[in-house]
Amino acid sequence: MNAQYLVVFALVLGCSLYALWTLMPAVWRRALASRLLRLPQPAWLHTSLQKATTAGAGCDCSGCDKVARPAHPAPAQVIRFHPKPKG
């Protein structure tokens with residue numbers, strides 16, 4: 001077995017696991033993370049899995065679960081188009 005094949009295998013395996021974890025439903029991800037917390041792992045992985053077990057752990061962006069909605073929506077604004085004069 002060539003070293004190049006081992007590197008390619010490791011990259012494909014890592015990318016596949018990342019895609020599986022990212023696309024997995026949140027309920028399955030929380031259950032898997034809570035089971036993986038029982039195993040010994042490095043500190044950075046432990047904190048990452050601990051964060052994934054919380055109910056609010058989503059995509060970790062500033063999306064709908066973190067943005068405060070204003071009490072009153074902003075008034076509608078008029079958009080005016082100014083066509084170029086034909087000349």
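How much accessible surface does the protein have, and what percentage of it belongs to carbon and sulfur atoms? In the predicted model examined here, the accessible surface of the protein comes to about 8,300 Å², and carbon and sulfur atoms account for 67% of that area. Buried residues, by contrast, make up 6% of the 87 residues in the protein.

With regard to secondary structure, the protein contains three helices and zero strands, so that the pattern read along the sequence is α-α-α. Confidence across the protein averages a pLDDT of 83, with 82% of the residues scoring at least 70. When the helices are considered individually, confidence is highest in α1, at a mean of 94, and lowest in helix α3, which spans residues 43-52, at a mean of 85.

A nonpolar patch is found on the surface, where F9, L13, L17 and L20 together present about 420 Å² of accessible area. Of these residues, L17 is placed in helix α1, which covers residues 3-23.

The side chain of R29 reaches the backbone oxygen of T22 at 3.4 Å. When residues up to four places away in sequence are not counted, R29 touches W21, T22 and M24, and T22 is therefore both a residue touched by R29 and the one whose backbone oxygen is reached by the R29 side chain.

Notes:
Residues numbered from 1 in each chain as written. Predicted model: local features only at pLDDT ≥ 70, side-chain atom pairs only at ≥ 80, totals over all residues. Heavy atoms only, no water. Helix = DSSP H or I, 4+ residues; strand = E, 2+ residues; numbered from the N terminus. Buried < 20%, exposed > 50% of the residue type's maximum accessible area, 1.4 Å probe, protein only. Areas by Shrake-Rupley, 256 points an atom, 1.4 Å probe, with all protein chains shown as cover. Patch = residues over 30% accessible without salt bridge, like charges linked within 9 Å, V, L, I, M, F, W, Y side chains within 5 Å. Salt bridge = Lys/Arg side-chain N within 4 Å of Asp/Glu carboxyl O. Polar contact = N/O pair within 3.5 Å; in protein donor to acceptor, adjacent residues only side chain to side chain. Contact = heavy atoms within 4.5 Å. pLDDT = per-residue confidence, 0-100.
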